[in-house]
Amino acid sequence: MNQKVPIMHILTVLDHPDPNSFTAAAARMFMDGAKAAGHTTEFADLHAEEFDPRWTVADIEGDSATAPLADIRFEQERISRSDAICLAFPLFWWGMPSMMKGWVDRVWSWGWAYDQLDDREKSLQRPRSGVLLIPAGARSDEMKDAGYLNAMETLWTQGTFGYFGFSPRKLEILCGSTGSEERREALLEQSYNAGLNIPPHRQP
């Protein structure tokens, strides 16, 4: 490992109901790569932990309270322990599946993650490296030609995850994840390398 890269504690958050899914395998390979680089890891399996993704009135009231709801406080505490975060989920209707979307909606709350809307590079959170590890059935050329890759870069990389303090932040789109065994093995290697080479955070 390059000794100039500091040791980090990396949180990997998984959204997939099947622990034997390709998405889960990619998340594990990412963590294996991070461990090989000398980092420590923490794993949040939202389905196994039965996280409730529903955004409710209680969440809105919690935003203005002195203490968040217990389940949100638990999530925020493990985010606070982390120096880098990987979100692993399959591309679902060209976006996040419901569990991950609900985790984002509820956990990264107003007053904790951000308190303004005019600067998407400003966050109340300290800078962290951020990786989105996203298996997709479509080929990369299909997604590029249809404009989906640019759309996701604009929505997530240039938008949402600035409010999270992710800097740098990267999309690892695992295109062709429903393809041949050879293709899937190559994507798992890509996931491993994403963990092995995750950069340290920088000021945005």
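Start by selecting Phe 166: with a relative accessible area of 1%, this residue is buried. Keep in mind as you look around that the model is predicted.

Show both side chains and turn the view until you can see the two rings together. How are the rings of Trp 108 and Phe 166 arranged, stacked or edge-to-face? Their centres lie 5.9 Å apart and their planes meet at 85 degrees; an angle over 60 counts as edge-to-face, so that is what this pair is.

Phe 166 belongs to strand β5 (residues 166-175), while Trp 108 sits in the loop between α4 and β4 (128-136), so the contact ties together parts that are 58 residues apart in sequence. Then widen the selection to Trp 103, Trp 112, Phe 161 and Phe 164: together with Trp 108 and Phe 166 they form one aromatic cluster.

From here, move on to strand β4. How many of its nine residues are buried? The count is nine of nine, and β4 is mostly covered.

With β4 still selected, bring in its partners. On one pairing, β3 and β4 run parallel and are joined by five bridges; look for Ala 84, which stands opposite Ser 129 in β4. On another, β4 pairs with β5 over eight bridges, again in the parallel sense. Here you can pick out Ile 134, which stands opposite Ile 173 in β5.

For the last stop, return to the aromatic rings. The whole structure holds 11 aromatic pairs. One to select is Trp 94 with Tyr 148: the ring centres are 3.6 Å apart and the planes are at 10 degrees, so this pair is stacked. Which parts of the chain does the pair link? Trp 94 is in the loop between β3 (84-88) and α4 (98-107), and Tyr 148 is in helix α6 (residues 148-157), 54 residues apart.

Are they buried or partly exposed? Trp 94 counts as partly exposed, at 38% relative accessibility, and Tyr 148 is partly exposed too, with a relative accessible area of 32%.

Notes:
Residues numbered from 1 in each chain as written. Predicted model: local features only at pLDDT ≥ 70, side-chain atom pairs only at ≥ 80, totals over all residues. Heavy atoms only, no water. Phe/Tyr/Trp six-rings, centres within 6.5 Å; stacked < 30°, edge-to-face > 60°. Helix = DSSP H or I, 4+ residues; strand = E, 2+ residues; numbered from the N terminus. Buried < 20%, exposed > 50% of the residue type's maximum accessible area, 1.4 Å probe, protein only. Pairing = 2+ DSSP bridges.
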